[in-house]
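Please have the sequence and the coordinates open while reading.

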Amino acid sequence: MDFELQKLVRPNIWALEPYSCARDEFKGMDAHVFLDANENPYNEPINRYPDPLQEKLKARLAPLKGVRPSQIFLGNGSDEAIDLVYRIFCIPGKDNVVAIAPTYGMYKVCADINDVEYRSVPLSEDWQFEPKALLNAADANTKVIWICSPNNPTGNDFSRESIHEVLMRFNGIIVVDEAYSDFSTNQPFRSALDKYPNLIVLNTFSKAWASAAIRLGMAFASEDILALFNKVKYPYNVNQLTQEKANALLNDIGAIDNWLAQIRREKQNVLPALNELPIVQKVFPTDANFVLVRVTDADSVYHYLIEKGIVVRNRNRVQLCKDCLRITIGTRQENNELLGALRFYK
């Protein structure tokens, strides 16, 4: 692989002189009078701008994630990192990206927003991809390949060997979105950052960390790539309240482990029960905290559940997902209510 980062970056981004905010210029710890940022001196502590690089939070996350603090980017949800990939690497109206299908919809939405061609490569019937197919879809203007593993909405992990082959043979950026990796037994790809200079790995506080409301996403990559992220991001992209809540979560890792264990136990109960239902045609294997289920009539079942006050995701109109519902594993009570309702569907 002949990887040169500068060749992939938009020339205007490579030459960009980033905005320098007040908290970038002063990093001392002994000051007590702050008159540099035009802040209101009242209503402490939220009157002050937050740390623009979230350094304390990254220092605590790094050992948990097995990376260096300098290999962590924190953003307003994973969607910020997804959008930054387009803004840094893809010239609008010229470049393209390649992705599997079906997969997480924001990859295409961000491509459309940034005027970047989006090329999708259908998965096989067992929800796997052929590395050769992804690579054949790429050309000289392909800057990024997107791989979500475990994949949304199919729920399955992809073969590590297949992802490795793409990483070795593609000279552009590979983004492996591991939003659901905490529910999987597979080793996350962020452990291989030093091996692959073209790798970006996404993760989030929304799933295993049960904190979707605080909007905190993570991206792991080389220091060179993340220097570009920090150059292009808005100065205070992660607010102080979000940083404080994330730090509080790190004080009780045992609770997160307990939540994960409960979800795994519930999944072991829910999947066999779904398989027994007459309306269920197939329950697809899953490595995530949700399961894709093919039913007799997805639209009808979806609206029936809505009438019962139960919301699942109707994926009937997603490529290769005809008559499929995506069902999140909930609490024991929620799962029992869902199964009970489905047993009475006619």
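**Briefing**

Pro18 sits in the loop between α2 (11–14) and α3. The model is predicted. At 33% relative accessibility, Pro18 is partly exposed. The C-alpha atoms of Pro18 and Tyr234 are 9.5 Å apart in space, while the two residues are 216 apart in sequence.

**Aromatic residues**

- Ten aromatic pairs turn up in a search of the whole structure.
- Tyr49 and Tyr236 make a stacked pair, with 4.5 Å from centre to centre and 10° between the planes.
- This pair joins distant parts of the chain, its members being 187 residues apart. Tyr49 belongs to the loop between α3 (22–25) and α4 (55–65), and Tyr236 to the loop between α9 and α10 (240–249).
- Tyr49 is partly exposed, at 39% relative accessible area.
- One aromatic cluster is formed by Tyr86, Tyr104, Tyr107 and Trp146.

- The buried residues of α5 are Gly77, Ser78, Glu80, Ala81, Ile82, Asp83, Leu84, Val85, Tyr86, Ile88 and Phe89. Among them, Tyr86 is also a member of the aromatic cluster.
- Helix α5 (residues 77–89) crosses helix α9 (residues 223–232) at roughly 95°, and their axes come within 10 Å. The two helices are therefore roughly perpendicular, since angles of 65 to 115 degrees are classed that way.
- On the α5 side, the contact is made by Ala81, Leu84, Val85, Arg87, Ile88 and Phe89. On the α9 side, Ile225, Leu228, Phe229 and Val232 take part.
- Sorted by class, this contact of α5 with α9 has nine nonpolar residues, no polar ones and one charged residue.

**Helices α11 and α13**

- Helix α11 (residues 253–275) packs against helix α13 (residues 332–343) at an angle of about 0°, with the axes 11 Å apart.
- That angle makes α11 roughly parallel to α13, because the class takes in angles under 35 degrees.
- Glu266, Asn269, Val270, Ala273 and Leu274 make the contact from α11. Their partners in α13 are Arg332, Asn335, Leu339, Leu342 and Arg343.
- By class, the contact of α11 with α13 holds five nonpolar, two polar and three charged residues.
- An α-helix has 3.6 residues a turn, so residues three or four places apart point the same way.

**Cysteines**

- How many disulfides does the structure hold? The count is zero.
- Cys110 is in no disulfide, and the nearest cysteine sulfur, in Cys90, is 11 Å away. Cys110 is buried, at 4% relative accessibility.

Conventions:
Residues are numbered from 1 along each chain as its sequence is written. This is a predicted model: local features need pLDDT of at least 70, side-chain atom pairs count only at pLDDT 80 or more; totals for chains, interfaces and linings use all residues. Side-chain values use heavy atoms; hydrogens and water are left out. Axes are lines fitted to C-alpha atoms, for helices over the stretch in contact, and angles run from 0 to 180 degrees between N-to-C directions. Helices (H or I, at least four residues) and strands (E, at least two) are DSSP runs, numbered from the N terminus. Angles under 35 degrees count as roughly parallel, over 145 as roughly antiparallel, 65 to 115 as roughly perpendicular and the rest as oblique. Contact means heavy atoms within 4.5 Å. Ala, Val, Leu, Ile, Met, Phe, Trp, Tyr, Cys and Pro count as nonpolar, Asp, Glu, Lys and Arg as charged, and the others, Gly among them, as polar. A disulfide is a pair of cysteine sulfur atoms within 2.5 Å. Buried means under 20% relative accessible area, exposed over 50%, partly exposed in between (1.4 Å probe, protein chains only). Rings of Phe, Tyr and Trp (its six-membered ring) pair if their centres lie within 6.5 Å; planes under 30 degrees apart count as stacked, over 60 as edge-to-face and the rest as tilted.
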